[in-house]
Amino acid sequence: MSKVNTVFKIYREIQSLEKRILPAVAVQSVTASVRPFVNIFFTAKLIDLLQAKADYKTLVFYICLAIAINFVLFFLGSFLDDYSENLRNLLLNKENKKVASKLYKTEYSMLENSDFKQLVHRHEEAEKSRWARFPYFVWTTFRFLNGLFTLIISVIIIIPLLKAGFITTGNSFFEKPVFLITIICSILAMAVIILLVAVNLNKSYLKANESYAELDRIFYAFIDIFADYRTGKEIRLYKEQDLIDGIATDKILTDGEKTLRRISMHTAKASSFVAILGALVGFGVYLFIGIKGLFGIFGIGSLVLYCGSFMQIINGIMMMANTLGKLEEIIPLAECYFEILNTKDNMRFGSKELDPNGKFKIEFKNVSFKYPGTENYALRDINIKIENGESLAVVSRNGSGKTTFIKLLCRLYDVTEGEILINGINIAQYSQDSLNRIYSVVFQDFKIFSTTLAQNISAGGSYNKNRLMTSLEKANIKNRVLEMKNAENTYMYKDLDRAGVEISGGEAQRLALARALYKDAPIVILDEPTAALDPIAENEIYSRFNSFVDNKTAIYISHRLSSCVFCDRIAVFDNGALVQTGTHSSLLSDKTGVYKKLWSSQAEYYIH
């Protein structure tokens, strides 16, 4: 029953996404179902006319009528095929958009959750596989309706045949109702067997297809590597072609061939069984119709009509059974979609608002945190106050909790223990928009999108040009932008525009910094903002740091301790704990402190 509920749920979702597609498919199905019967009917009619020695004009009329109806149905069918395909493509885009909108709105912690990531991955893989989610469900609906309408039309046509001959002729077995009942029961039994075979076939096919899809994913992953100029250097210098070719050959050619052979063999066996079954039932049908024709119950034209219609019954049953068998493949993918959309956020926000033009005092009070699903603490018992307008550098070895500290401050995660206060109020009491407005952040894993430079900086379609240019100048990339053909309207990269500009890692980092400056939030957070810059460019950024901050509260994360000298205070983390705070000079005076050890280990490379 749950599968039936899921099917109706899918139809409701499809209707909400694209209202035109189901009516179009219904009309398309009727048109496709009628077309074979037109030729069957007119063939039978023309045979009857020839037997009756009809005049030339009558024959020409029916021939022309058959051609005209075929032309209309063919034209209508072709139009509906293309129209439905376009609607299916549109449906896929709307499905993707709805999922993307959900992913954008869902809380950040879910995006890092392994189970949720696997769910999203399965949904994405469904599009890359042979069948593309809801559009494929629409296509199977068309096939099912085509089979259903074919079955209905066939039954209507053969009803006179089923009633004919039981009174007017002799006592032959082939004239008795028992033979008719045998034929009908055989057809029904065949329908059930075909359905069971189709379900079994699609289960095994789905399992094998998932295995092949994994190989396919590996193959296209290698194609992406080959085509990426960023990896081309290493492949050539380290002669990695043999390694890649070996993996590709073993995994894709060998395993893939075995998988495809297994699929083909299983499909061939099942299809042969269904074909033999259909042939046996078809023989009985032809025998049934032929005997009645032999007794003269109907003419040759009717014989053609009934034979054609009876075989369309078998065709309709097979179409319906095959599409019903696809439900084993469709429903799990649809459930992924609904599970993504129904994912609930655990984080709750308050209604208090923060004035972006106000002053902010931040306090971490006994804060401990461990990521969901893990036992180890990423941060433990953190206590620190950050005054309004203060610049704080956060330093440590790798994996000591610096970025986690920033995620908690931005409330991408909630603390496990303790609390974070802004102006003495727990951060959870503020609204989400209110918190987002007060932070300008450059994360280490920032993203420059394949849109225009101005859209990247302003994070939107419209922008203030003077403010944009000021931000670019502060990030020391204004001249480079003005040299571009379309200046700030130049597309980044070539994904959306062939004339797009490929920028270096350092240039991308400057643009990310400019984006943070453009937002002009009262709290600036920079996570390794100069990692991709050369020493001269890095020094320029440091020398302009005060102009970046402009008396704002600034939090600066870096592995390079020389970049921390200009900050008011330095916080030193070690193994998830805050072990030291103070100025650069005061921390250096502590000979046994972590900061002194880190400073000395870096400084020795610059001392001759």
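Two aromatic rings of Phe, Tyr or Trp count as a pair when their centres lie within 6.5 Å.

**View 1. Four aromatic residues gather in one cluster.** In this predicted model, F41, F42, F61 and Y62 make up a single aromatic cluster. Let's zoom in on one of its pairs, F61 with Y62: the ring centres sit 5.4 Å apart and the planes are at 80 degrees, an edge-to-face arrangement. Is F61 buried, exposed or partly exposed? F61 has a relative accessible area of 48%, so it counts as partly exposed. Searching the whole structure turns up 16 aromatic pairs.

**View 2. Helix α1 crosses helix α11.** Here α1 (residues 2-17) meets α11 (residues 327-341), with axes that come within 10 Å and cross at roughly 60 degrees. The crossing is left-handed. On the α1 side, the residues in contact include V7, I10 and L17, while α11 brings in residues including I330, A334 and F338. Sort this contact by class and you get 10 nonpolar, 1 polar and 5 charged residues.

**View 3. The largest nonpolar core has 39 residues.** Which residues touch the most other members of this core? They are L472, I503, L511 and Y595. Several elements each supply at least two residues, among them β3 (391-395), α15 (465-474) and α21 (594-603). Helix α17 gives the most, with 8 residues.

**View 4. A closer look at I503, then a second core.** Setting aside neighbours within four places in sequence, I503 is in contact with I448, M484, M492, Y493, A508 and L511. A second, separate core has 32 residues, including I362, A378, Y430 and I555.

Key
Residues numbered from 1 in each chain as written. Predicted model: local features only at pLDDT ≥ 70, side-chain atom pairs only at ≥ 80, totals over all residues. Heavy atoms only, no water. Axes fitted to C-alpha atoms, helices over the stretch in contact; angles between N-to-C directions. Helix = DSSP H or I, 4+ residues; strand = E, 2+ residues; numbered from the N terminus. Left-handed = near helix turned anticlockwise from the far one by under 90°. Contact = heavy atoms within 4.5 Å. Nonpolar A, V, L, I, M, F, W, Y, C, P; charged D, E, K, R; others polar. Core = buried A, V, L, I, M, F, W, Y, C linked by side-chain atoms within 4.5 Å. Buried < 20%, exposed > 50% of the residue type's maximum accessible area, 1.4 Å probe, protein only. Phe/Tyr/Trp six-rings, centres within 6.5 Å; stacked < 30°, edge-to-face > 60°.
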